[in-house]
Amino acid sequence: MKSLDSLDQKIRETLAEHDSKLQKAFEVIDRGEGYFDLLMASIHGRQAWITYYIYGLSAVTLAVFIYCLTGYLASTSVDSSLDWALGLIACMFIFTVVKVIAFEQMLKFEMLREMKRIELRVMLKNKDSED
């Protein structure tokens with residue numbers, strides 16, 4: 001990891017010597033978005049409905065989980081407590097699936113952002129070489 005950091009540092013030093021404007025543009029591009037920025041980006045765009053669906057399904061599953069938990073805690077017989085426990089297990093399974101899908105959505109948005117960063121770097125480099 002240190003070798004990659006030192007390589008990045010050498011590239012930045014070379015670019016700083018070459019063109020400070022280009023270096024400043026690369027610094028703006030390299031500033032990454034945080035977790036909450038990625039969340040906000042996921043609720044905009046063409047596939048925002050997937051994110052809304054995921055959050056809606058999570059809310060409904062949480063409500064069902066709470067209902068099953070209160071039923072489980074209030075049950076007196078073993079048969080009814082097993083029924084409520086199956087409901088709790090099903091809700092936990094749905095939570096797991098929803099979180100995996102949401103994580104994949106976040107990775108997709110991060111990958112698209114990285115591709116845009118690379119495109120911007122190439123365009124800036126081509127613009128610099130034309131001048």
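Read along the sequence, the chain follows the pattern α-α-α-α-α, and its secondary structure comes to five helices and zero strands, where helices (H or I, at least four residues) and strands (E, at least two) are DSSP runs numbered from the N terminus. The model is predicted, so that local features need pLDDT of at least 70 and side-chain atom pairs count only at pLDDT 80 or more, whereas totals for chains, interfaces and linings use all residues. Residues are numbered from 1 along each chain as its sequence is written, and side-chain values use heavy atoms, with hydrogens and water left out.

The predictor's confidence in each residue is expressed as pLDDT, on a scale from 0 to 100. For the chain the mean pLDDT is 80, and 74% of the residues reach 70 or more. Among the elements, helix H4 (residues 48–74) has the highest mean pLDDT, 93, while helix H2 (residues 20–30) has the lowest, 61. Where pLDDT is low, the predicted coordinates should not be read in detail.

Of the 131 residues in the chain, 24% are buried, a term that stands for under 20% relative accessible area, with exposed meaning over 50% and partly exposed in between (1.4 Å probe, protein chains only). The accessible surface of the chain comes to about 10,100 Å², and 67% of this surface belongs to carbon and sulfur atoms; such areas come from the Shrake-Rupley method with a 1.4 Å probe, and for residues only the protein chains shown count as cover. Contacts, defined as heavy atoms within 4.5 Å, were also sorted by separation along the sequence. Among the contacts in the chain with a separation of 6 or more, 64% are accounted for by residues 24 or more positions apart.

Helix H4 has 27 residues and reaches 39 Å from its first C-alpha to its last, close to the 39 Å expected at 1.5 Å a residue, the expected span being 1.5 Å times one less than the number of residues. The buried residues in H4 are Ala48, Ile50, Thr51, Ile54, Ser58, Thr61, Cys68 and Gly71. An α-helix has 3.6 residues a turn, so residues three or four places apart point the same way.

Several residue pairs relate helix H4 to other parts of the chain. Leu62 lies in helix H4 and is partly exposed at 42% relative accessibility; its C-alpha atom is separated by 9.2 Å from that of Met92, 30 residues apart along the chain. In helix H5, Gln105 is buried, with a relative accessible area of 12%, and, leaving aside its neighbours within four places in sequence, Gln105 is in contact with Gln47, Ile50, Thr51 and Ile54. Leu107, likewise found in helix H5, is partly exposed at 41% relative accessibility, and the C-alpha atoms of Leu107 and Leu38, 69 residues apart along the chain, are separated by 9.2 Å.

A search of the whole structure finds two aromatic pairs, where rings of Phe, Tyr and Trp (its six-membered ring) pair if their centres lie within 6.5 Å, and planes under 30 degrees apart count as stacked, over 60 as edge-to-face and the rest as tilted. The rings of Phe65 and Phe95 have planes at 65 degrees and centres 6.4 Å apart, so this pair is edge-to-face. Phe65 in helix H4 and Phe95 in helix H5 (residues 78–130) are 30 residues apart, and their pair links distant parts of the chain; Phe95 counts as partly exposed, at 23% relative accessibility. Tyr67 and Trp84 also form an edge-to-face pair, with 5.3 Å from centre to centre and 75 degrees between the planes, and this pair links Tyr67 in helix H4 with Trp84 in helix H5, 17 residues apart. Tyr67 is exposed, with a relative accessible area of 56%, whereas Trp84 is partly exposed, with a relative accessible area of 24%.

The structure holds zero disulfides, a disulfide being a pair of cysteine sulfur atoms within 2.5 Å. For Cys68, the nearest cysteine sulfur is that of Cys91, 4.9 Å away. Cys68 is buried, with a relative accessible area of 8%, and Cys91 also counts as buried, at 4% relative accessibility.
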